[in-house]
Protein chains: 2
Amino acid sequence: MDLRQMRFVVAVAEELSFTKAAARCHVSQPPLSRAIRELEEELGLQLFERDTHSVRVTLAGQALIADVRVALSALEKGVESARRTAAGLKGALKIGFGGSTVYSLMPSLVRRFRSSASDVDLEFSAMPVLSQIEALRSGVIDIGLLRLPIFDELIETRFVHSEPLVVALPEGHELLSRSGPVAMSSLRTSKFITYEPTRGFNFHSDLLALCRLSGFNPEITHQVPTTEAVVGIVACGEGVAVLPASAERLRMKGVFFRPLNAKRIPEHLSQVRFGLAWCKEGAPATALQFVERVAPL
Amino acid sequence: MDLRQMRFVVAVAEELSFTKAAARCHVSQPPLSRAIRELEEELGLQLFERDTHSVRVTLAGQALIADVRVALSALEKGVESARRTAAGLKGALKIGFGGSTVYSLMPSLVRRFRSSASDVDLEFSAMPVLSQIEALRSGVIDIGLLRLPIFDELIETRFVHSEPLVVALPEGHELLSRSGPVAMSSLRTSKFITYEPTRGFNFHSDLLALCRLSGFNPEITHQVPTTEAVVGIVACGEGVAVLPASAERLRMKGVFFRPLNAKRIPEHLSQVRFGLAWCKEGAPATALQFVERVAPL
DNA sequence: ACTCGGTCATACCTATGGAGTATAAGCATG
DNA sequence: CATGCTTATACTCCATAGGTATGACCGAGT
């Protein structure tokens, strides 16, 4: 038995006519007749009862055809499934997210992706940016959601959106008496809480640049890995912090946020850029699909 | 895609080697390599990643192969199913049973058949013998369980077993004072209850022959269609009845059974023969299978 | 009753392509 | 570096799927 015979048999069973079935299968009638006769001989079973004017399906034929239909549709499904897998619309995708991306970037991106690629099984890992880069290289994650820029020759990135900076001030801080943006220079005497300086994650150095631009070197009292930790320590009254605006969503008792006055600060310092990262080589199709669906060029 | 390619793909995925897969498929390696390359080209998808020393299945390949396996096994199942259907081991079988066959013949035959042909859907119809013959000819039933002999040129029969005759006597009948077999001649003065005389069903005429053999003409007071009715009317005290031994299983208040003394009675009259009947032409395979399983020659 | 139109089966030819053998090319392992 | 395994390529042969032409058969319609 081969696929050709399978399709022929199904067509004859549906048309109850060799001629019509042949037309449907885009072959002439004699080859179809012969193919079916050969199949019957191969199986040693009569599948159709036919005389010169009518065709009936035998019980054995019905039994066979029911399963042939199943086989044909499984095949069709398989091809479609393979296509979707190759296209990255089906399969698995491991997403790493870090820093404050969870507050703004991740939910909207994942929702957007899910709505157009519902067959992809997502797996999430919260991890700091540095770990993300290593995780990308080792295949632990396929896509990283993180702060840009990243400098790694094996990693490709794409910008998604940027946020202004805000200043987190502890309850009782003198600057809270005035409303409106806070100038960097007015933080000259404050103590700073910030992220740990890690390779590839440059928020720390950006803070130093910001302060120097305003003519002072910040006094950094604590360096912790996560946004939650930074804001938590600010809440303790230990100091102030400069953070991406989405950190404002972390409503924590004892902490108030003010926009940072961005006048006279170059954009690459006053805006935090977020985006995607993936391996240039060996990234699964789902990752590339994610990139294109979520952040088309 | 054709079946050949499907089998090749599955073999390569399982062996992770073109050479071994080719051996398993009983072809040499080059045709297999080519077939798979052609399939990949046809689908526009890479199914295997291969270098000169190792073969890996791509994600798309895995997706395809999963469904190909389903298709292949559906096909195998279909062929098997068709074979069983053609052989009469699968499908439907309509069984008609009549008279007293339900007391002995039917349960044992059906159990025997079920144990060896569990895929056949049975359908039962209780019907008198005459109706069975017509039902067989019209295809309402495929197999009849009935009293033999049947004389119909389109119907074939096979003997299964025979029973002796018994006499059903109403409570208070004089012959009940003695135990042991009852001679036909001692019923000379009794009134008789018997089956309706119907074409093809010859119990009635057999009773007349029995009585005449003992030198009397029976006085028949009631003629009813079923064994239950005959025994019921005996229970009313309206007369006696001669019945197949299995009728004894009809334990009815006011009725007692005695063996019929079979001495000097020819066997065709003293024994009731039961068996199967089916159409000589056009009987479904399940009916023929039933006959051979249940009453092999 | 007979012709006509439609059906499925048969005969035969052509050409596609599947299978084989021989061989090359590439990468591990010793 | 050589050997031995792998997969890929080149080329030939023939089995067979497909086509055209035709035959056999049956039902419908005149």
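Student: What makes the pairing of A:Ser33 with a phosphate oxygen of DNA strand C a polar contact?

Tutor: An N or O atom in the side chain of A:Ser33 is 3.1 Å from a phosphate oxygen of DNA strand C, and a polar contact is a pair of N or O atoms within 3.5 Å (within protein, one must also be able to donate a hydrogen and the other to accept it, and residues adjacent in sequence count only if both atoms are side-chain atoms), so this pair qualifies. Please keep in mind that this is a predicted model, in which local features need pLDDT of at least 70 and side-chain atom pairs count only at pLDDT 80 or more, while totals for chains, interfaces and linings use all residues. Residues are numbered from 1 along each chain as its sequence is written, chains are lettered from A and ligands numbered from 1 in the order in which they are written, and side-chain values use heavy atoms, with hydrogens and water left out.

Student: How many residues surround DNA strand C?

Tutor: There are 22 such residues, and the closest are A:Phe18, A:Thr19, A:Arg50, B:Ser28 and B:His53; a residue is near a strand if one of its heavy atoms lies within 4 Å of it. Of the atoms of DNA strand C that come within 4 Å of the protein, sugar and phosphate account for 61%. At least two residues of this surface come from each of helix H2 (18-24) and helix H3 (29-43) of chain A and helix H3 (29-43) of chain B.

Student: Why is B:Thr286 called buried?

Tutor: Its relative accessible area is 3%, and buried means under 20%, exposed over 50% and partly exposed in between (1.4 Å probe, protein chains only), so B:Thr286 is buried. B:Thr286 is found in helix H10 (residues 285-294) of chain B, and among the residues that B:Thr286 touches, with contact meaning heavy atoms within 4.5 Å, are B:Gly88, B:Leu93 and B:Phe113.

Student: Is A:Phe124 buried or partly exposed, and how do you know?

Tutor: A:Phe124 has a relative accessible area of 39%, and is therefore partly exposed, whereas A:Phe97, at 14%, counts as buried. In chain B, the rings of B:Phe97 and B:Phe124 have their centres 6.4 Å apart and their planes at 70°, so that pair is edge-to-face; B:Phe97 is buried at 14% and B:Phe124 is partly exposed at 40%.

Student: Why does B:Pro149 count as partly exposed?

Tutor: B:Pro149 has 35% relative accessibility, which falls in the range between buried and exposed. The place of B:Pro149 is in the loop between strand S5 (143-148) and strand S6 (155-170) of chain B.

Definitions and conventions. Helices (H or I, at least four residues) and strands (E, at least two) are DSSP runs, numbered from the N terminus. Rings of Phe, Tyr and Trp (its six-membered ring) pair if their centres lie within 6.5 Å; planes under 30 degrees apart count as stacked, over 60 as edge-to-face and the rest as tilted. Lists of a residue's contacts leave out its neighbours within four places in sequence.
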